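Dear colleague,

Please find below the structure that I am handing over to you.

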Amino acid sequence: MDNPYLYVPAALLIGYLLGAVPVGFVACRVWGVDIRTVGSGRTGATNAWRAAGLKAALPTALGDALKGVAAVALVRWLLAQLAPAAPADLNILAAAAAGGAAVLGHNWSVFLGFKGGAGGITCALTCLTLNPIVGLIVVVVGAAMMWWARIAAIATLSTGVVSLAGFLALASNRIVSWSYLAFAVPACLAIIVSLRSNREKLRQQDERIITLW
């Protein structure tokens with residue numbers, strides 16, 4: 001390919017389609033429940049827990065976590081095979097774009113009429129795959145917010161915001177490439193938009209608290 005940057009649209013498509021795999025929907029269907037009719041109607045692990053318990057929530061969480069990881073890994077491998085002499089920044093851009101598209105696919109799955117989850121787990125593990133430093137911070141902050149607030153929406157929002165803030169801070173100090181924003185910006189915006197109803201409930205102090213019993 002004369003212009004290797006044309007691989008980026010392919011990376012976006014790969015990331016979106018992998019992200020759009022409706023893991024939560026399938027996991028709950030196995031137990032005879034349509035997750036779209038329960039709670040928030042979203043397909044993430046929190047609502048899978050409400051819909052069919054831990055037996056559906058665990059595979060949902062694992063599957064949603066692996067979506068972005070798989071997208072980034074696959075795009076990196078394909079570029080290494082098809083464009084081994086491509087600029088280093090292209091590899092970062094394509095992988096980041098695939099990761100961002102995976103979050104978009106998870107939140108608005110083509111297989112579910114453009115409905116889906118909120119993107120927190122997908123965002124956090126994709127971020128960890130792209131850059132372990134930022135990713136570790138995202139995972140720790142997200143887990144801490146979940147433990148402290150016991151509200152999934154707060155933990156999910158933190159993953160998007162911290163991802164964007166982390167990459168902005170590192171890029172502005174020339175520690176990492178600005179191309180990482182191809183992941184951080186769409187992922188953060190996707191989470192914020194998907195949680196608009198939850199943000200309103202948080203303002204009204206009416207958001208549901210997660211309990212283990």
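**Overall architecture**

The protein contains 10 helices and 0 strands; helices (H or I, at least four residues) and strands (E, at least two) are DSSP runs, numbered from the N terminus. Read from the N terminus, the order of elements is α-α-α-α-α-α-α-α-α-α. The radius of gyration is 17 Å, close to the 17 Å that the globule rule gives for 213 residues, so the protein is as compact as a globular protein of that length. This radius is taken over C-alpha atoms, and the globule rule is 2.2 Å times the number of residues to the power 0.38. Along the principal axes, the C-alpha atoms fill a box of roughly 55 × 35 × 25 Å.

Please note that this is a predicted model, in which local features need pLDDT of at least 70 and side-chain atom pairs count only at pLDDT 80 or more, while totals for chains, interfaces and linings use all residues. Residues are numbered from 1 along each chain as its sequence is written, and side-chain values use heavy atoms, with hydrogens and water left out.

**Burial and contacts**

Of the 213 residues, 49% count as buried (under 20% relative accessible area, with exposed over 50% and partly exposed in between; 1.4 Å probe, protein chains only). Among contacts (heavy atoms within 4.5 Å) with a separation of 6 or more, 66% join residues 24 or more positions apart.

**An aromatic cluster**

A pair of aromatic rings is described by the distance of the centres and the angle of the planes. Rings of Phe, Tyr and Trp (its six-membered ring) pair if their centres lie within 6.5 Å; planes under 30 degrees apart count as stacked, over 60 as edge-to-face and the rest as tilted. By this rule there are 2 aromatic pairs.

In one of them, the ring centres of Phe167 and Tyr180 are 4.9 Å apart and the planes are at 10°, so the pair is stacked. Phe167 lies in helix H8 (residues 152-172) and Tyr180 in the loop between H8 and helix H9 (181-194), so the pair ties together parts that are 13 residues apart in sequence. Phe167 and Tyr180 are both buried.

Phe167 also pairs with Phe183: their centres are 6.3 Å apart and their planes at 85°, so this pair is edge-to-face. It links distant parts of the chain, with Phe167 in helix H8 and Phe183 in helix H9, 16 residues apart. Phe183 is buried, as is Phe167. Together, Phe167, Tyr180 and Phe183 form one aromatic cluster.

Yours sincerely
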